[in-house]
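Got a minute to go over the voids and charge pairs in this one?

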Amino acid sequence: MAVGTTGWDALAAQHLRMTQSGTTIEGMFARDPNRIEQMTHQCGSVMVDLSKHLIDTAALDTLLALADEYNLNDAIHAMFNGDVVNNTENRPALHVALRGHVPASMPHVAGTVSETLTKMRRFIEQIQSGEWQGFTRHRINTIVNIGIGGSDLGPAMVTAALRPFHHPNLRCLFVSNVDPAHIRSVLKDCDADKTLFIIASKTFTTLETLSNARLAKEWYLSEGGTEQDIHRHFVAVSSNVSAAASFGINPDNIFPMWDWVGGRYSLWSAIGLSIALATSMSVFEQLLAGAAEADSHFLTSPLKNNVPVLMGMLAVWYRNFWHCDSHVVLPYAQDLHLLPAFLQQLEMESLGKSVDRHGCALAAQSGPVIWGSAGTNGQHSFHQLLHQGTRMIPADFIAVAHTSCVDDQQQHQHLLANCLAQSRALMCGKSYDEAREENIKKGLSAEQSSILAHHRQVPGNRPSSTFVLSSLNAHALGTLIALYEHKVFVQSVIWNINAFDQWGVEIGKQLSGPMFDALGGDEQAIKSLDASSRYLINHMTKPERNVHGQ
């Protein structure tokens, strides 16, 4: 990244100005009566309030000038046009084509996507109608999606988020961890003759997924299933048709994956088969439509009104000028409890890079740590650090205005009140004088009040965004997810990194083979390892001791 450019230096000067002047978010509201109107934006059914950010008009203008300097608009169009934006793997990134934005130069992609959707629709109708039956000719009532990473996190998150729309006669479960305890805990509650497994693996070689798939197949056969009926209980989403067929899956039941869609962007493809089965094809299409709305917004809106652009540029502002090394995601909706984990992969796998697109070391920090959990749970644990810790951690609050629990409106009101109160508390804080006055009103002595006020004061002036969905439906969720996807792309352009590869994931896979051999007693493999690994393997392979250590 070209740190030291005109835009970079200008932003550093804006940061210095704001820190030296003691600029506060509350103060900016006081000085600018139009701040909320200028910094609140609408994208489809998602409203985004960016007014509680530690940035004023001059700094924001400078930030957007940096986006212009890095030709962000050209980069956006290049991705949508199908240019090779994944330069290390010589591929385009066409997840937007799954939502209808097909490059004019690639009409064949539209046909491929349409054929896949048609195939999904026909399959889902067979399962949900009961036409598709298991080996005892009972209808399928359980779907088990076996995948990992993007083949698990996206579908699992969306399926959980759309709980009110689930099909009444189907449940959808997810297995990802190679720890056999995961799949065993799922299988113990399944009937083999009524369970359908989706093996989701682009290459059909992923260790975790294939290990779990083999275990599922063994379980199926042990429960009375036959090789002849495997086609009734196993389907795949993969680009490796021959490997899936060798496993026993009927080629007609193998749904395609393409190298122009990365795993963490794949829930919009046939990887979303579990989503559509758990809900309906209509709901899945609404998810796609919501994302398409965000795509159009990202592609056509001016930078100053472009929600993903603003999200991404603010992330650069905090990472590189305020030195924030993490970002917290706080969905105030229990059905969105998996969203932080999904966004963790999306952002950290995309932006966890230390070299630019040309292989040169980055001159500034790249992606922050993404973390979080559903509100209000976090308020009783890590929110303490958000409010009184020494780090400034930007926060995303995500609220749903109208609940699907129609008989629990007052309790939902408590949820929303907590969400709004937390974002306000981060901004306003509590001064020493306010804390001292509260203590005095409680009857403490002047001395006690003064001492305790140091512990009760909250610095405030900590930034946050608030996303408000009118209701948590497929269309709104699709829009929200796509906004975050495009936010990641914006950051990658400014840092000049490839957001679509993940070579760091590969090294662990490569090294696990020798480790597996060493754990099995292979002396040559053991000798090839470092001292720490040899010691740990020796310790792990000792005979198990009883609870008394005998």
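Q: How do the residues that line the second largest pocket divide into nonpolar, polar and charged?
A: A pocket is an open set of points on a 1 Å grid over the protein atoms alone, where a 1.4 Å probe fits, with protein on both sides within 12 Å along at least five of seven lines; lining residues have an atom within 4 Å of a point. Ala, Val, Leu, Ile, Met, Phe, Trp, Tyr, Cys and Pro count as nonpolar, Asp, Glu, Lys and Arg as charged, and the others, Gly among them, as polar. Sorted that way, the lining of the second largest pocket has eight nonpolar, twelve polar and three charged residues.

Q: What kind of model is this, and what pLDDT do its side-chain atom pairs need?
A: Residues are numbered from 1 along each chain as its sequence is written, and side-chain values use heavy atoms, with hydrogens and water left out. This is a predicted model, where totals for chains, interfaces and linings use all residues, local features need pLDDT of at least 70, and side-chain atom pairs count only at pLDDT 80 or more.

Q: Which helix gives the most to the lining of the second largest pocket?
A: That pocket holds about 510 Å³ of space, a volume being the space filled by probe spheres set on the points, which are joined across faces, edges and corners. It has 23 lining residues, with Q334, T403, C405, H412 and L415 closest to its centre. Two elements give two or more residues, β10 (395-402) and α16 (409-428); helices (H or I, at least four residues) and strands (E, at least two) are DSSP runs, numbered from the N terminus. With four residues, the top contributor is α16.

Q: Which element gives the most to the lining of the largest pocket?
A: The largest pocket contains about 900 Å³ of space. Its lining runs to 39 residues, and T206, G263, Q502, E506 and K509 lie nearest the centre. Elements giving two or more residues are α9 (207-222), α14 (339-351) and α20 (503-519). Six residues come from the one that gives the most, α20.

Q: Which helix gives the most to the lining of the largest cavity?
A: A cavity is a set of grid points where the probe fits but cannot get out, and the structure holds three of 30 Å³ or more. The largest has a volume of about 80 Å³, and its lining includes L50, H53, D396, S465 and K487. Four lining residues come from residues 307-320, helix α13.

Q: Where does the largest share of the lining of the second largest cavity come from?
A: This cavity has a volume of about 60 Å³, and R319, C324, S326 and P368 are among its lining residues. At least two lining residues come from each of α13 and β8 (326-332). The largest share, four residues, comes from α13.

Q: Which residue pairs with E285 in a salt bridge?
A: A salt bridge is a side-chain nitrogen of Lys or Arg within 4 Å of a carboxyl oxygen of Asp or Glu, and a search of the whole structure finds 16. The closest N and O atoms are 2.4 Å apart, and the partner is R121.

Q: Is D189 buried or exposed?
A: D189 and R171 meet in a salt bridge at 3.0 Å, N to O. D189 is in the loop between α8 (180-187) and β5 (195-200) and R171 is in strand β4 (residues 171-175), so the pair ties together parts 18 residues apart in sequence. Buried means under 20% relative accessible area, exposed over 50%, and partly exposed in between (1.4 Å probe, protein chains only). R171 is partly exposed at 29%, whereas D189, at 51%, is exposed.

Q: What is the relative accessibility of K430?
A: K430 forms a salt bridge with E438, the closest N and O atoms being 3.0 Å apart. E438 counts as partly exposed at 31%. K430 also counts as partly exposed because its relative accessibility is 23%.
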